[in-house]
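Work through the two exercises below with the model open. Each solution follows its task step by step.

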Amino acid sequence: MASLSNSISKGLLHSPELYEYMFETVVYPREPELLKVIRLITSNHPSWCLMETAPEAGQLIALLLKLTNVKKTIEIGVFTGYSLVLTALKIPDDGKIIAIDLDRDAYEMGLPIIKKANIEHKINFIQSSALSSLDEILNEISKSKVTNDNRGRFDFAFIDADKVIYQKYHERMLELVKVGGIIVYDNTLWFGTFAMQEECVKETMKPNRQHIIEFNKFLAADTRVQISEVPMGDGITICWGL
Ligand code: SAH
Ligand code: CA
């Protein structure tokens, strides 16, 4: 019988060359031009020039949106709009995205692309702290007359903001996203820092590292969702709501 350590997959993409091969053959050729432009614009961001969603993870998210016929979605953490634009390009013309971020300036960096792509009508950008916005949405729903019909009104959610409260977002999302809907969390492998000795991890990375460790443990035990951790980009966890 194979020992446990032998049966643990070591993953394929150890070599930068293999990674580059994947990008050059599969990811970049199929990445919409406007998303390339967003990456370019983001590279001029004064402090966070590499914060957008990884293109290969974006490609998987786009596939999920199509596979599950997503029409209504919610995004927490918009930044310059890479994940927002890829989502808006995939949902139908009468689809809707509620997109929440504290930072309007970053959103406005990508806004010319949103206008050019003719997808602005699908987007409701809310400048706010995400948790208070989500609670407002949930309150509105519970006050409305058709309370139960309105719960679970989103087909999909992408969570990519402050990692400290992913668990709180998760509880709200389980109410907002329909049964059989999908919730995706970004950065769940936190720059590979879980495989480093603690003393080698930069101080600035440590707080979120700890929060994500706790979140991953929590999700692994959460029987309300089916989950898969996908080691693309900085790690995305896909949850399917039971
Ligand atoms: N999904 C984006 C990247 C998001 S980066 C892309 O593909 O480009 C994380 C974003 O979360 C930042 O823009 C930051 O302003 C936002 N953010 C951080 N804390 C937040 C909070 N409490 N509420 C709302 N947005 C928050
Ligand atoms: Ca991210």
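On a 1 Å grid over the protein atoms alone, a pocket is an open set of points where a 1.4 Å probe fits, with protein on both sides within 12 Å along at least five of seven lines; lining residues have an atom within 4 Å of a point. This is a predicted model, in which local features need pLDDT of at least 70, side-chain atom pairs count only at pLDDT 80 or more, and totals for linings use all residues. Residues are numbered from 1 along each chain as its sequence is written.

**Exercise 1.** Describe the lining of the second largest pocket.

Step 1. The lining has 17 residues; R30, G58, Q59, A62 and K90 lie nearest the pocket's centre.

Step 2. Two or more lining residues come from each of α4 (55-67) and α5 (82-90), helices being DSSP runs of H or I with at least four residues, numbered from the N terminus. The most, seven residues, come from α4.

Step 3. Sorted by class, eleven lining residues are nonpolar, two polar and four charged. Here Ala, Val, Leu, Ile, Met, Phe, Trp, Tyr, Cys and Pro count as nonpolar, Asp, Glu, Lys and Arg as charged, and the others as polar.

**Exercise 2.** How do helix α7 and helix α9 pack?

Step 1. The angle between α7 (residues 130-143) and α9 (residues 166-176) is about 30 degrees, and their axes are 11 Å apart. Axes are lines fitted to C-alpha atoms over the stretch in contact, and angles run from 0 to 180 degrees between N-to-C directions.

Step 2. The two helices are therefore roughly parallel, a term for angles under 35 degrees.

Note on methods
Chains are lettered from A and ligands numbered from 1 in the order in which they are written. Side-chain values use heavy atoms; hydrogens and water are left out. Angles under 35 degrees count as roughly parallel, over 145 as roughly antiparallel, 65 to 115 as roughly perpendicular and the rest as oblique.
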